[in-house]
Amino acid sequence: MTKKQWQGWGPGEQAEQHYLVQPRALAGGGDIRHVSEFLRASGWRDKSKTGGPLLIESPDRSVRLSYDPYTQPGRWTIRGAARGPHAEWEAVLGRYTPVEIIAGLTDQLTRPRSAHAPNVWAPLAEQNWHARREGRHHIATSPDGLAWMHFRQNADGRALWWAGARDGQGIGWTAQFTSTTPMHLVQAFSAALASPEPVMRPRGRVPHSAQITVTSVSVLPSQLSAWQQARITAARAATWAHNSVRSTRPRTTARPHSAAGGARTRR
């Protein structure tokens, strides 16, 4: 274990011990607010009941995200409604899925789709994951063998995406996506899964695993707050910019109006 001190400490603040964990796939669940606060800042509505599971709904009500730690084994569920030619879809992720990996998918839900065709395997190949094909199944495994991403198709045609991570002691998580899950969302998830960047966990929240590497760091509470606020501010700015573009976009059809001198119809 190595130790690093952060510069720029302010007077009157006591540094707190945190740990940078690698690989991120085995860092444990983390703080769910990393996911939820970003969505709230992006205009999602909190539908949670007091004392109940987290439940957040997209502004257009087409997607719902829930986190239920009360029913074992606990899980994240993201459901997308059928819209036009797009079928309904669902993603279910274990409670120990790192929030930074979940955010790879959920942050993408707040952004416009790229014009480029998505490729789930590309982020994995960039990080030297081992890819192979076994019959109907496509499989990619991380270089350390601890994480995986599969596309599985049964003989009856049913298909799903299956991902996860597990250490030598059996500690880990799995995630499943229906085959109808939009590919750009699955690609965003795979990019977050394969990212070599470590994730931070506070003291006492680091998994006991022989397969992880931890670096001890001293962090001020004000630094943590600033990093969290920067993420929220970025979400609000992107939402404001997106809404501004929509509101200034020229209308393609004339707005209905009453005849001169006639009564206006209230909507």
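A residue is taken as buried when its relative accessible area is under 20%. By that criterion, 37% of the 267 residues of the protein are buried in this predicted model. The protein has 5 helices and 14 strands. Among contacts between residues at least 6 apart in sequence, 57% join residues at least 24 apart.

Ten strands make up an open sheet with antiparallel pairing, in the order S3-S4-S5-S6-S7-S12-S11-S10-S9-S8. Its edges are strand S3 (45–46) and strand S8 (130–134), each of which pairs on one side only. Strands of a sheet pair through backbone hydrogen bonds, either parallel or antiparallel.

Strand S9 (residues 137–141) is antiparallel to S10, with 4 bridges between the two, and His138 has Phe151 in S10 as its bridge partner. Strand S10 (residues 147–153) in turn pairs with strand S11 (residues 159–166), again in the antiparallel sense, over 7 bridges. Here Gln153 is found opposite Ala159 in S11. The hairpin of S10 and S11 has 5 residues between the strands, and Gly157 adopts a positive phi near 95 degrees. On the next step along the sheet, S11 is joined to strand S12 (residues 172–178) by 7 bridges, with the two strands running antiparallel. Ala163 is bridged to Ala175 in S12. S11 and S12 also form a hairpin with 5 residues between them, and Gly170 in the turn shows a positive phi of about 85 degrees.

Helices lie across this sheet. H2 lies across strand S5 (63–68), strand S6 (75–80), strand S7 (89–94) and S12, and runs at about 5 degrees to S6. Helix H4 (residues 183–194) lies across S7, S10, S11 and S12, and its direction is about 155 degrees from that of S10. Two packed helices are described by the angle between their axes and the distance between the axes. For helix H1 (residues 33–41) and helix H2 (residues 99–108), the axes come within 9 Å and cross at roughly 25 degrees. With angles under 35 degrees counting as roughly parallel, H1 is therefore roughly parallel to H2. The crossing of H1 with H2 is right-handed. On the H1 side, the contact involves His34, Val35, Phe38 and Leu39, which meet Val99, Glu100, Ile102, Ala103, Thr106 and Asp107 in H2. Sorted by class, this contact has 6 nonpolar, 2 polar and 2 charged residues.

How many residues of H2 are buried? The count is 10 of the 10, so H2 is largely enclosed by the rest of the structure. Among these buried residues are Glu100, Gly104, Asp107 and Gln108.

Leaving aside residues up to four places away in sequence, Thr239 touches Ala41 and Ser42.

Key. Residues are numbered from 1 along each chain as its sequence is written. This is a predicted model: local features need pLDDT of at least 70, side-chain atom pairs count only at pLDDT 80 or more; totals for chains, interfaces and linings use all residues. Side-chain values use heavy atoms; hydrogens and water are left out. Two strands pair if DSSP finds at least two bridges between them. Axes are lines fitted to C-alpha atoms, for helices over the stretch in contact, and angles run from 0 to 180 degrees between N-to-C directions. Angles under 35 degrees count as roughly parallel, over 145 as roughly antiparallel, 65 to 115 as roughly perpendicular and the rest as oblique. A crossing is left-handed if the near helix is turned anticlockwise from the far one by less than a right angle, and right-handed if clockwise. Contact means heavy atoms within 4.5 Å. Ala, Val, Leu, Ile, Met, Phe, Trp, Tyr, Cys and Pro count as nonpolar, Asp, Glu, Lys and Arg as charged, and the others, Gly among them, as polar. Buried means under 20% relative accessible area, exposed over 50%, partly exposed in between (1.4 Å probe, protein chains only).
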